[in-house]
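Here's a quick tour of the side chains and backbone spots worth a look. Have the model open and follow along.

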Amino acid sequence: MSAFGNYVAVAPLYLLNKLPLRVLYLFSDLVYYLVYYIIRYRRKVVRTNMHKAFPEKSEKELRAIERDFYRRFCDYFVETIKFYGMSAEEVGKHMEFTGLDKVHEMLAKGRSCVCYMLHTFNWEYVVSLPLYIHDENTVAGAIYHKLRNPFFDKIFKDMRAQYGADNVTMKNTLRRIMEIVKNKQKFVYGFISDQLPKIEAMNHWVTFLNQETAVFTGAEKIARRVKASCFYMRMTRVKRGKYVAHFELMVEDATTWPENELTNEFFRKAEEDIRREPASWLWTHNRWKRGRAHKEAFEQYIAARKKELAAKEEAGN
């Protein structure tokens, strides 16, 4: 998209940002009917995912969850628009953090904190966490997936940094963390770890929502490397526009648990929360589009390619 096209696309969002949230919720109600009934945005993916996750539920139950999800999805859209430029006082009316006493206890002991999160609404509000971390020697922020469009990536990065959050791309996570450690600082980072890894990173599998699922293990590897404390951040929607994120300590020192057990425990807790509040999870992500067969086919291709290149090199000599 051209620079002009970017500005044209963002102009309506800028105007919507100036409206009160109560008005934006009326807009969300209208968008819901458009997205769900007319455009049918990713409805096939959502429906397939829900059928896989909840085979015990009736069609009537699944449709009710589906409609509720799309309503919350549209609320997420308008809440995120309004979030840009929201004052610290205002965001505090929408996002509450509980269990922070345990986080501060771990920081006082000199430990950094790895916080496992889900894509549950509204995860964007979590970047206001630095407002509540009262430790000058601690960097607070989140790991994020960089957007392909540089213009919109900068907008989201600026929005997520507006309360002092240190936003780190997945690619630069380890480098940034080792820089913090070298500077004798601590960190509190949120890791949203519930999406599908790239095929080359599909190295650990769990049973998640009735499916054999490839999962990210990066958060655990980092936690073990720096002996961080690990928390599970449970997000709950109290009412429309009001969320609570609760920090639950999983382990004080990641190295005291067997390898992969933290990852397994995160997905056990994640499934419990999704079953408790299914409409709040991001069902539009095609979570199970690649499985073990895809990984095996990829490995066979790489092995064959290496063999082919070795043969060419030998023939050239």
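Let's start with a lysine: Lys269 has a relative accessibility of 12%, so it counts as buried (buried is under 20% relative accessible area, exposed is over 50%, and partly exposed is in between, using a 1.4 Å probe and protein chains only). This is a predicted model, so local features need pLDDT of at least 70 and side-chain atom pairs count only at pLDDT 80 or more, while totals for chains, interfaces and linings use all residues. Residues are numbered from 1 along each chain as its sequence is written, and side-chain values use heavy atoms, with hydrogens and water left out.

**Lys269 and its surroundings**

- Lys269 is part of helix H10 (helices are DSSP runs of H or I with at least four residues, strands are runs of E with at least two, and both are numbered from the N terminus).
- Which residues does Lys269 touch, not counting those up to four places away in sequence? They are Tyr232, Glu248 and Met250, with contact meaning heavy atoms within 4.5 Å.

**Helix H8, one face in and one face out**

- H8 covers residues 173-182, and its buried residues are Thr173, Ile177 and Ile180.
- Looking down the H8 axis, those buried residues fall within an arc of 55°, so they line one face of the helix (the arc is that of the directions from the helix axis to the C-beta atoms).
- Arg175 and Lys182 are exposed on the other side of H8.
- The cover over the buried residues of H8 includes E3, strand E4 (166-169), strand E5 (186-192) and helix H9 (218-226).
- Just after H8 comes Lys184, with a positive phi of about 60°.

- Most residues other than glycine have a negative phi, and most peptide bonds are trans.
- Arg40 isn't a glycine, yet its phi is positive, at about 55°. You'll find Arg40 in the loop between helix H2 (21-39) and helix H3 (43-53).
- Asn210 is another non-glycine with a positive phi, about 75°. Asn210 sits in the loop between strand E6 (205-208) and strand E7 (211-214), and with 42% relative accessibility it counts as partly exposed.
- The peptide bond from Phe121 to Asn122 is cis, with omega near -10°. Asn122 belongs to the loop between strand E2 (113-117) and strand E3 (138-144).

**Aromatic pairs**

- How many aromatic pairs does the structure hold? There are 28, where rings of Phe, Tyr and Trp (its six-membered ring) pair if their centres lie within 6.5 Å, and planes under 30 degrees apart count as stacked, over 60 as edge-to-face and the rest as tilted.
- Take Tyr33 and Tyr37: their ring centres are 5.6 Å apart and their planes are at 15°, so this pair is stacked.
- Both Tyr33 and Tyr37 lie in helix H2, four residues apart, which is about one turn of the helix. Tyr33 is partly exposed at 48% relative accessibility, and Tyr37 is partly exposed too, at 40%.
- Phe208 and Trp281 make an edge-to-face pair, 5.8 Å centre to centre with 90° between the planes.
- Phe208 is in strand E6 and Trp281 is in the loop between helix H10 (261-276) and helix H11 (292-316), so the pair ties together parts 73 residues apart in sequence. Phe208 and Trp281 are both buried.
- One aromatic cluster includes Tyr32, Tyr33, Tyr37, Phe69, Tyr76, Phe121 and Trp123 among its members.

**Charges over rings**

- The charged end of Lys57 sits over the ring of Phe54, 5.4 Å from its centre (this takes NZ of Lys or CZ of Arg within 6 Å of the ring centre and within 35 degrees of the ring normal).
- Arg292 has its charged end over the ring of Trp205, 4.4 Å from the centre.

**A far-apart tyrosine pair**

- Tyr301 is in helix H11 and is exposed, with a relative accessible area of 54%.
- The C-alpha atoms of Tyr301 and Tyr32 are separated by 43 Å, and these residues are 269 apart along the chain.

**Cysteines**

- The disulfide count is zero, a disulfide being a pair of cysteine sulfur atoms within 2.5 Å.
- The closest cysteine sulfur to that of Cys230 is in Cys115, 8.6 Å away and too far for a bond.
- Cys230 is buried, with a relative accessible area of 0%, and Cys74 is buried at 3%.
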